[in-house]
Amino acid sequence: MEVREPPAKYLVQARYKQTEVGVIPNDWQVGLLAEFAQIRTGIAKNANASLLDPIEVPYLRVANVQDGYLDLSELSTIKIDSSDLRRFSVLPDDVLMNEGGDLDKLGRGALWRGEIQPCVHQNHVFVVRCRDGLLPEFLNAWTSSPVARRYFLLAGRQTTNLASINKTSLGQLPVPVPARVVEQQAIAEALGDADALIDSLEHLLAKKRQIKQGAMRVLLTGQQRLPGFVGEWECKLIGQFTDCTAGGTPSTSVSEYWGGAIRWMNSGDLNLKTVTEVEGRITDAGLRNSSTKLVPAGCVLIGLAGQGRTRGTVAINLVPLCTNQSIAAIFPNDSFDSRYLYYNLDRRYDELRVLSAGDGGRGGLNLTIIRSLSVPFPPIQEQSAIAAVLSDMDAEVAALEARLAKARQVKQGMVQALLTGRIRLV
């Protein structure tokens, strides 16, 4: 649902007031969560508890209550006394809010629609049961607003490994409430529509990525051939059809080595996958006075050392650049398609991590290991055809990622505008 800014004349006529949650319409009120809802604590696990009439029921944990949605893929059960079932049951339209976990997860909430009955909640998940005048859908939307998130961060109690918020502090969360329930409903529905769009894009993106992974598996191994291609493949070592080199870093203490016109990348830039631009720049003097080399466009780049995830990460550069010593560049030539090699190595991330594991798991790749990697090697025409198919899939994924990023940005703008009454829907 698209939300448009109302004409200026209506904004001028509208009347607003300053409150502890910011500027809101005059006909809205601000109160504490405890005034608008009942906050219920959950049941604590106690293996030694004596139960008169035990029953086993599903129960919700922090892991089940995600930010705006429920993850019920793994639902635990607990034995409780039948007399406690009513007290700890989760009912339809309850808002679930987390009591503990990482600091950024405090207050993270989701709306319970009665997905499983009966179901109880553990003591680390609060049940917030709205009274008349406050719609649970509106409250659930408010808990994801910047103002509410900021409150949870400030009210949460941080320990060494975890953070928590108690019932009293949660009850003091300020909540702006439109006087008319129909306005609360309209706001909740608009934000719900935005969430539904985001959810559909996330599912579509996951499906596209899964399809691409399947295509890489069969196309890059010859299990499935593209139309028009026949004949046996051979396997070659990278060192048999090209060579590779590692980079270097100019001295950081010599200012004349830095800030020039030559692109210079570090291992963090490998996450870009397709490298067209990097922040680093070195000068001609920096190139001459270090072990780094100017590598041509079309090299397959691979992370070498360290415990981080960049070890074994593969990218391809579309522009000439230099790299630091944590990156190897596999040189292009006319005997193979660099894009085909990039896709082949990219799908072998786990294998590269195993090959590079040293004592204590730190390890590192090196040029010898890279040269000895075996690659299924079809004729270059088939390599290029496979790379083109996978490149088209990458373009589809990138387009979906852009749409998803835009949808999330729009949703954030809607949250800011609708939950403060800056834009009114009714």
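## Basis of the description

Helices (H or I, at least four residues) and strands (E, at least two) are DSSP runs, numbered from the N terminus. The model described here is predicted: local features need pLDDT of at least 70, side-chain atom pairs count only at pLDDT 80 or more, and totals for chains, interfaces and linings use all residues. Residues are numbered from 1 along each chain as its sequence is written, and side-chain values use heavy atoms, with hydrogens and water left out.

Strand S2 contains Ile24. With a relative accessibility of 1%, Ile24 counts as buried; the term buried means under 20% relative accessible area, exposed means over 50%, and partly exposed lies in between (1.4 Å probe, protein chains only).

Leaving aside residues up to four places away in sequence, Ile24 touches Tyr16, Lys17, Thr19, Val30, Pro176 and Thr420, where contact means heavy atoms within 4.5 Å. Ile116, by comparison, lies 92 residues from Ile24 in sequence and 37 Å from Ile24 in space, C-alpha to C-alpha.

## A three-stranded sheet

Strands of a sheet pair through backbone hydrogen bonds, either parallel or antiparallel. In this model, three strands form an open sheet in the order S6-S5-S10, with mixed pairing; two strands pair if DSSP finds at least two bridges between them. Strand S6 (76-81) and strand S10 (120-121) are the edge strands, each pairing on one side only.

Strand S5 (residues 54-60) and S10 run parallel and are joined by two bridges. Tyr59 stands opposite Val120 in S10.

## Salt bridges

Side chains of opposite charge can pair when their charged atoms come close. The whole structure holds 18 salt bridges, a salt bridge being a side-chain nitrogen of Lys or Arg within 4 Å of a carboxyl oxygen of Asp or Glu. One of them joins Arg424 and Asp27 at 3.1 Å, N to O. This pair links distant parts of the chain, 397 residues apart: Arg424 is in the segment after helix H13 (380-418), and Asp27 is in the loop between strand S2 (22-25) and strand S3 (28-32). Arg424 is partly exposed at 30% relative accessible area, and Asp27 is partly exposed at 38%. A network of salt bridges links Asp27, Glu183 and Arg424.

Arg129 and Asp94 form another salt bridge, with the closest N and O atoms 2.8 Å apart. Arg129 belongs to strand S11 (residues 125-130) and Asp94 to the loop between helix H3 (85-88) and strand S7 (95-98), so the pair ties together parts that are 35 residues apart in sequence. Both of these residues, Arg129 and Asp94, are buried. Glu277 and Arg281 also meet in a salt bridge, at 2.7 Å from N to O; Glu277 is partly exposed at 40%, as is Arg281 at 24%.

## Aromatic pairs

The model has five aromatic pairs. Rings of Phe, Tyr and Trp (its six-membered ring) pair if their centres lie within 6.5 Å; planes under 30 degrees apart count as stacked, over 60 as edge-to-face and the rest as tilted. The ring centres of Phe241 and Phe377 are 4.7 Å apart and their planes stand at 35 degrees, so this pair is tilted. Phe241 in helix H8 (residues 238-241) and Phe377 in strand S24 (residues 374-377) are 136 residues apart, and both are buried.

Trp258 and Trp264 form an edge-to-face pair, 5.1 Å centre to centre with 90 degrees between the planes. Trp258 is partly exposed at 25%, whereas Trp264 is buried at 10%. Ring pairs also link Phe241, Phe336 and Phe377 into a cluster.
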